[in-house]
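Q: I'm new to this one, so please take a close look at a single part and walk me through how it is put together. Where would you start, and what is packed against what?

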Amino acid sequence: MKKLIIANWKCNPEKIIEGMKILNSLKGLVDGKNKVVICPPSVFLGQFLADFGQDFTFGVQNCYFEQKGAYTGEISPKMIQSIGAKYVIIGHSERRSIFKENDDEINKKLSLILNETNLIPVLCIGENREEREAEKTYQVIARQLMNCLDNIPKEKLNKIVIAYEPVWAIGTGIYATEDKIIDARNSIVKILCDIYDKSIENKINIIYGGSVNKENIDMVINGCKMDGVLVGGASLKPKDFILICNI
Ligand code: PGA
């Protein structure tokens, strides 16, 4: 089974030419064993698709919950689809904490994406440090899943990628241990079976994100049997990212 390796470049690099350099360094060295998706800043997408559309699948890091209108600065799922991107990350913890996005907005984005486009949404969930220390991980991800998946029918569940990203592991170099990731995976499956029913058990795509690097990728993919990874920092380092992609 191909694993899903998603690069989240966040607000990097500063210049499009630097992004081109990264893609050029990856080109030809990513062996195609796994599915690699690059999510650069949206403003670079048109050029990247023109120059590298044959080499990589592209996605975006966020979208709005309306298709068009007077929403200065926003981009919509249909626009993303029309330019040729295939994936859209929603509910990333940086969107939630810095831009104050809530589950209700994320739910609206998810509904719009699933109902009106063929884009694959990557729904990010995960607890922060205080919630982990207070042993509230299960409640937090249950609440996020329940709210974000409100009114999403069972038949659409296999189109969604769920990214478990503990907030304390993002960009910190401190990644979740094997047992914590397996625990979270089992919790997500149980919560979704409770929301829907047992029939969805093997139809859910669950990936892990949070300080994934060339050293821990084997543990995440082979140890925890995750369906893939969401990679931030390491996705901007071509040598490291190639090793991750070729796992
Ligand atoms: P990181 O970021 O790999 O730098 O921890 C992951 C993410 O934010 O998706």
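A: Let's start with Arg129, which is partly exposed, at a relative accessible area of 42%; that label covers what lies between buried (under 20%) and exposed (over 50%), using a 1.4 Å probe and protein chains only. A quick heads-up: this is a predicted model, where local features need pLDDT of at least 70, side-chain atom pairs count only at pLDDT 80 or more, and totals for chains, interfaces and linings use all residues. Residues are numbered from 1 along each chain as its sequence is written, and side-chain values use heavy atoms, leaving out hydrogens and water.

Arg129 sits in helix H6 (residues 129-133); helices (H or I, at least four residues) and strands (E, at least two) are DSSP runs numbered from the N terminus. Its C-alpha atom is 8.7 Å from that of Ala169, 40 residues apart along the chain.

Further along, Pro153 lies in the loop between H7 and strand E6 (161-164). Pro153 is partly exposed too, with a relative accessible area of 35%.

Now for the helix pair. H7 (residues 137-148) packs against H8 (residues 178-195) at about 45 degrees, with the axes 10 Å apart. That makes H7 oblique to H8, meaning the angle is not under 35 degrees (roughly parallel), over 145 (roughly antiparallel) or 65 to 115 (roughly perpendicular). Axes are lines fitted to C-alpha atoms, for helices over the stretch in contact, and angles run from 0 to 180 degrees between N-to-C directions.

On the H7 side, Tyr138, Ile141, Ala142, Leu145 and Met146 meet H8 residues including Ala184, Ile188 and Ile191, where contact means heavy atoms within 4.5 Å.
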